[in-house]
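User: I'm new to reading protein structures. Could you walk me through this one, feature by feature?

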Amino acid sequence: MPPKKLSDELVHREHMARFPQRWSTGPVMGKFLQALRDEKRILANVCPRCGRSQVPPREVCAVCRVEAMQFEEVGPAGTLRSFDVVFYASPDPVTGQSREVPYATAYVELDGSKGGATFWHELHETDMSKLRRGLRVRAVFEEDGKRTGAITDIKYFEIIEGGT
Amino acid sequence: MPRKTRPVAIVGVGQTRHSSHREDVNQPELVHEAVRLAIDDAGLSLSDIDAVVTGNMEMFEGTHQPDMWQVLGNGAWGKPCLRVSTGGTTGSTVFCAADQLVASGLHDVVLAIGFEKQQEGHTTGGITAMADPLWARHLQTGALTGMAALEVIDEFGLDRARRAAMRYRVIMDQHAAKNPNAHRRFNLSFDMIDDLMQKSPPLVGELRLIHMCSQSDGAGAMIFAAGDRVASLNRRPPVWVQDHVTVHREETLALAGVATYDAQGRLETTTQRRAAEILLARNNIDKPVEEIDVFEMYDPSAWWGLSWIRDFLLLEGDEHLQMVERGDIGIEGRFPINPSGGVTATNPIGATALLRPLEAALQIRGDAGTHQVPRPIRKALASGFGGTLWTVLMLLSKDQPNN
Amino acid sequence: MATKSDAFVVEGTFALPYNYFAGRVGSTWLVALRDERKIYGVRHPKTGKVVVPPRQVDERDFTDLTGDWVEVGPEGRVTGFTIIRYREPYQPLPLPYGLALIQLDGADTSLAHVVRGEDLNRLAVGLRVRAVFARERKASILDISHFEPV
């Protein structure tokens, strides 16, 4: 048999990896998400050692590594510490479909939060000329009956007009 | 300083040509190219390899247990093989693991491999999928962020910051042009800066396509050997692993980790600066710019690369901007950074953080070819980046360390 | 204070698009399934062993294996098997079927593939089977639709 010529045609397959998942919130994130859903309140937990707030709360202080089980309400207003305006459409890993752009995200230092920790969420303003660090912003909640105990119970943060 | 039972040297390196597309090979075949080059470079044969450490990014290629499949090409058949996956730092963690396997006395000769076929998945989607599903998955855009740009702009003004970032990018591209293995080579020049600032497509905030790292297919391999084996492996001069350090931030939320700001509104100490403080102090390096000869930095974007010069070299104020503006970081400059072209040129992510010490080792050996820094290199720094801004910082030396 | 009773379960999905590239050696094999309806192996130049599916190098000694392509099968012998009856949403093929390792005539390694037939209980180590090619072929492993007992 003559030597086999290697193929010029290069085969590839496209596929979508798609499967259902279930996540337990755990007690701390569960308490935080339920407060969003039932009371429209944003809860931080406070480190008993360094006194810094974490929002959303985590089981231990990320710096001191001690259990942090004291909760305090923060926000819903705060100060914009950083932001991103996204023009690049990437796949949303929840659906596999490209996201709509532009959208913006914000790092907000919520009022009452201690130690400079910021809270990451969507920002309802994609015009970069209107955005700067230090702006006052506030959380806008989903209406009653539509909140599910998820991040999206806060729809977004919006700029407080005239706020300084 | 962590104690080593015995000194460890890098005795062989190999890498593929990096490209946006490698339809002609599957994953084991891609990895095989780098492995064979490294074994040949060391003058060894497959039977000399005692163990293999390999790594890549999770979720990038959509294949399960790549370490096992890749035994078809990676040289691990019948040998201890360990897969490491620490996000963007993977390649550097592979480096550290291989060094430790030899330093501990467990194995004499260890092969370290990093690879990625980004053509097989969606990089930004994959990174986003790694974020906390209850929170950050709704918000994250992979590793794309304009926040680093925002920091530099707020501190130094829009025009100076934009020009410095683009100047950094042009220098990297000029280096990549000298490196035949580099993926993106645009032949950029400084007179194009105004045009690029206007026309390169925006990705996130002030981060434009031209600033961001590429999505590459490629692999790299390094061979580590116990110091007492080096005399019998004298094909090329050994490069000694002097030290390395890994610094993490909390792995919970965002690219900014715990984004906390000090009283001046600046992000608190970065893992880059923290890693440099630890590594340089315990190796008695007071003036890194003078005592280190070259730096291969994992620069995921021109903005981060620009900003991290200050942190890694423990500089203050605008010294890092001045270094870029003066051209100090060029291949013939006072402190060359990324003579390979770095990560904005070439980014097969699972390999990227291994390619940094690999390129640094080539510089020390004098084997970097057309992108060799034109003066003797005795000490080289290399960094890895990943996750919520983690850092691995590695120090390589031409001289055998005393540790 | 947060307690266990604060925890709840969130349902979600994961979805990401992927590509897979067979490479030149793998493509040569798959294209031959489609265009020639032939199954090839590659012969190791030193040991003479024939590997199916073909691979670029021998994993034990790094010898290039792409020089000597030989046709194998289409009949072979089952060297190991299981029967899939368990139904779940991600099962890609109609149930039930045998999943078998098949050493094709002329090959030294076994190929994993599907066995179908009237009586799956006949499936046993040593059973002779024959490749049945799909009518519509797409350069895929399923261009061999399945194997059936001879």
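Analyst: Let's start with two strands from two chains: β1(A) and strand β1 (residues 9-21) of chain C pair in the antiparallel sense over 13 bridges. Strands (E, at least two residues) and helices (H or I, at least four) are DSSP runs, numbered from the N terminus, and two strands pair if DSSP finds at least two bridges between them. One bridge joins R18(A) to its partner A15(C) in β1(C). Keep in mind that this is a predicted model: local features need pLDDT of at least 70 and side-chain atom pairs count only at pLDDT 80 or more, while totals for chains, interfaces and linings use all residues. Residues are numbered from 1 along each chain as its sequence is written, and chains are lettered from A and ligands numbered from 1 in the order in which they are written.

User: How many residues does the contact take from chain A and from chain C?

Analyst: Two residues are in contact if their C-beta atoms, placed from the backbone, lie within 7 Å. The contact takes 34 residues from chain A and 34 residues from chain C. On chain A's side, β1 (12-24) and α1 (26-39) each supply at least two residues.

User: How do I describe chain A as a whole?

Analyst: Chain A has one helix and nine strands, in the pattern β-α-β-β-β-β-β-β-β-β. Its radius of gyration is 22 Å, well over the 15 Å that the globule rule gives for 164 residues, so chain A is more spread out than a compact globule. That radius is taken over C-alpha atoms, and the rule is 2.2 Å times the number of residues to the power 0.38. The C-alpha trace of chain A spans about 80 × 40 × 35 Å along its principal axes.

User: In what order do the three strands of chain A's open sheet lie?

Analyst: The order is β3-β2-β4, with antiparallel pairing. β3 (53-54) and β4 (70-74) of chain A stand at the edges with a single partner strand each, so one side of each is left without a neighbour in the sheet. Strand β2 (residues 42-46) of chain A pairs with β3(A) over two bridges, and N45(A) has Q54(A) as its bridge partner.

User: Is strand β10 (residues 379-386) of chain B buried or exposed?

Analyst: A residue is buried if 20 or more other C-beta atoms lie within 10 Å of its own, exposed if 12 or fewer, and partly exposed in between, with C-beta atoms placed from the backbone. Eight of the eight residues of β10(B) are buried, so this strand is largely enclosed by the rest of the structure. In a regular strand the side chains alternate between the two faces of the sheet. Both faces of β10(B) are covered, with K379(B), L381(B), S383(B) and F385(B) on one side and A380(B), A382(B), G384(B) and G386(B) on the other. L381(B) has bridge partners F295(B) and L395(B).

User: What should I look for in the backbone angles?

Analyst: Look for exceptions: most residues other than glycine have a negative phi, and most peptide bonds are trans. K40(A), although not a glycine, has a positive phi of about 50°; K40(A) lies in the loop between α1 and β2 of chain A. With 16 C-beta neighbours inside 10 Å, K40(A) counts as partly exposed. A139(C) is also not a glycine and has a positive phi of about 55°, but A139(C) is buried, with 20 other C-beta atoms within 10 Å. As for peptide bonds, the one from G75(A) to P76(A) is cis, with omega near 5°, and a cis bond also joins V101(A) and P102(A), with omega about -5°.
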